[in-house]
Structures are given as C-alpha cells and as structure tokens.
Amino acid sequence: MQLLTRHSQFSLLHSQSSYQFGFLDEYAKKEIRRSLLKAVAIPGYQVPYASREMPIARGFGTGGLQITLSLLGSDDILKVIDQGSDDSVNAVNIRKFIAETCPGVTLTKQTSEATIVQTRHRIPEIPLKLGQILVLQVPYPDPLIVVEPSEEKRKMMHGEGDYARLWVKLYEDMVKFKEITISHRYPTRINGFYVIDPSPIPRFDVPKLHQAEALYLFGAGREKKIYAVPPYTNAEPLSFSDIPFRVEDFTDENGQRRACDRCGSTTSFLDELMNEIDKKIYQCSDTDFCNSQLGGQNE
Ligand SMILES: [Zn+2]
C-alpha cells in the first residue's frame, strides 16, 4: 500500500515537471498545422479539426491557444492581448501558461517585435508586417448562425456561396434602424467567395484584414473550426452599394474627432471610461500603441 502511494506520488511529480513542448502532443500539433494549411489554401473556408481539451475552459480562447501552441518554436516572440491590453486577466494567464509549457519562447508586449500575436477582440493599431501571424480567439465561427440553426444547411449555403438570407438580415436592419446595427462580428467576404465571422473585433478593425501583409488565423475551440485570411487577400465587409460600410464614429458634439486622454492620438480605437469625478474620458484600447505614442518604453 505504502509502495503504491509512493509510486503514484512520484508519477504525479514526474508528470508535473515534464510538459511536452507546447503542451499538445506532436500528433495533435501536426493535425492542427495541416488544418491551418488547408485554411490558408481556401481563404475563409471553415476547416473542421479535432479540438483538444485544454487546461482552460472552452470560451476562454482554447481555439486560439491550440493554433498558437502548434505554431510556436523556441525562437518565436509572442505577444498576447485581450481587448487591446497585455495586462488583462485572460492575456496574463495565457502568457503564464505559454511561459511554463514553451521554454525558450520570448514574451513581448511590443506588437512590432512579435512573430506571433494571439488576441481576443482587437487587431493591434500598428499595422502588422509580412511574416507576422495574428491568431484570433473565436467564440462563433459561422456568420450564418443568425439566419440558419442547422449546421448541415449552413455548410451547403457556404458551399454554394448563398448568402441571400444574410443580405436580407442586413436589409431588415436598414429598414428598422436606418443603419446596419452589427457592432462586432461583422460578416466579411473573403477572396470574393466565403463570408466569415471575423470574431468579435469592432468594425474599426475589419478593414485591417483587407490586403494585409500579415497572416490572420482564426481558431474556434468549442466549435472545432479553423479558418484564415492569408496575406494580400481581399476582405470586404458586406454592405449595399448605396449604404457603404462604416466604422465606429468617434466624433464629439462639436464634430471633432475625439482624442485619447492619455497620448492624444486621434486615429486609434478608443475605449470609453469614467474618471474619478464620473466624467467620460476616452483612451486607446491598444495599450502598446498608447505607450509607444507617449514615447515610453513598454516595460
Ligand atoms: Zn492613447
């Protein structure tokens, strides 16, 4: 009995100290990389894959994390952000996990020096360059879910490029509200065919997908789907010829573009905050961009 207890204690200690590099086993990583290659070869197509159990709950970025872990080599430089911030809980925990399971990988907060950026809800302000990869965490991969509950039928609609019901949904918005009310997850046509859900990024970020230098990869862990927007690919948000797509409006009551309260930028995506005296203030949601505008070192 005592021997058995000692043995199991040893096994536990042993297993805790010997993570596979990148946590996932090599077969799992190989399968994900194959799915990624297919996703790149057919831009916007949702490739099914065998999503693995991760030591975080589904819905906290397991899809994005599995892509990142499959791609990371020990010479990579990784940045993790959540809502534009490097220091929010989700980003901090994913960074800690990577540090523990991927020895050698350098962690950074600077967008320009990262080889891979994993993100939730934002695309960085600083344009990504050729060779950089942005991995987005996706809760719902299929833009047709709002009009068709059956996955089987949705697959046929995608295959036939039949997005008529999505167009009707956008038109109904126009009739009811005089504008398209979708604030995030804006349906976007990739390479002239498949329409994707670009994950819950604001409309402000959607044009960054168009003819970009970087590779954009999307991972939905719970829904077991991977898709991609390769470099130099057309990405067009759905819109009507007489009602063009438009991004969030940051003009104030005097018609002036609001500026970041911290760095003064008038070009970035702003978060609305309340200060100590309950007055609304605006700050860049991308903390690395804000710091770099201030000329400060991003610690
Ligand atoms: Zn700022």
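Two strands pair if DSSP finds at least two bridges between them. Helices (H or I, at least four residues) and strands (E, at least two) are DSSP runs, numbered from the N terminus. By these criteria, three strands form an open antiparallel sheet in the order β7-β6-β10. The model is a predicted one: local features need pLDDT of at least 70, side-chain atom pairs count only at pLDDT 80 or more, and totals for chains, interfaces and linings use all residues. Residues are numbered from 1 along each chain as its sequence is written.

**Domains**
- The chain splits into domain 1 (20-237) and domain 2 (249-299); such bounds come from an automatic or database domain assignment.
- A distance of 26 Å separates the C-alpha centres of domain 1 and domain 2.
- At the interface, 13 residues of domain 1 are in contact with eight residues of domain 2. Contact requires C-beta atoms, placed from the backbone, to lie within 7 Å.
- The side of domain 1 that touches domain 2 has four nonpolar, five polar and four charged residues. Here Ala, Val, Leu, Ile, Met, Phe, Trp, Tyr, Cys and Pro count as nonpolar, Asp, Glu, Lys and Arg as charged, and the others, Gly among them, as polar.

**The open sheet**
- β7 (195-196) and β10 (235-237) stand at the edges, each with a single partner strand, so one side of each has no neighbour in the sheet.
- Strand β6 (residues 188-190) runs antiparallel to β7 and is joined to β7 by two bridges.
- Thr 188 has Ile 196 in β7 as its bridge partner.

**Helix α4**
- Helix α4 (residues 89-101) has 13 residues and spans 18 Å from its first C-alpha to its last, close to the 18 Å expected at 1.5 Å a residue. The expected span is 1.5 Å times one less than the number of residues.
- Ala 91, Ile 94, Arg 95 and Ile 98 are the buried residues of α4. Buried means 20 or more other C-beta atoms within 10 Å of a residue's own, exposed means 12 or fewer, and partly exposed is in between; C-beta atoms are placed from the backbone.
- An α-helix has 3.6 residues a turn, so residues three or four places apart point the same way.
- Exposed Val 89, Lys 96 and Glu 100 sit on the face of α4 turned away from its buried side.
- Cover for the buried residues of α4 includes α3 (62-71), β2 (77-82), β3 (106-107) and β4 (116-120).

**Strand β5**
- Five of the five residues of β5 (residues 133-137) are buried, so the strand is largely enclosed by the rest of the structure.
- Ile 133, Val 135 and Gln 137 point one way from β5, and Leu 134 and Leu 136 the other way.
- β4 pairs with β5 in the parallel sense over four bridges. Val 117 is opposite Leu 134 in β5.
- β5 also runs parallel to strand β8 (residues 215-220), joined by five bridges. Ile 133 is opposite Leu 215 in β8.

**Two buried sites**
- Leu 270 is found in strand β11 (residues 270-274). Leu 270 is buried, with 21 other C-beta atoms within 10 Å.
- Not counting residues up to four places away in sequence, Leu 270 touches Phe 250, Arg 258, Cys 260, Tyr 282, Gln 283, Cys 284 and Ser 285.
- Asp 205 lies in the loop between β7 and β8. Asp 205 is buried, with 24 other C-beta atoms within 10 Å.
- Not counting residues up to four places away in sequence, Asp 205 touches Arg 122 and Ile 123.
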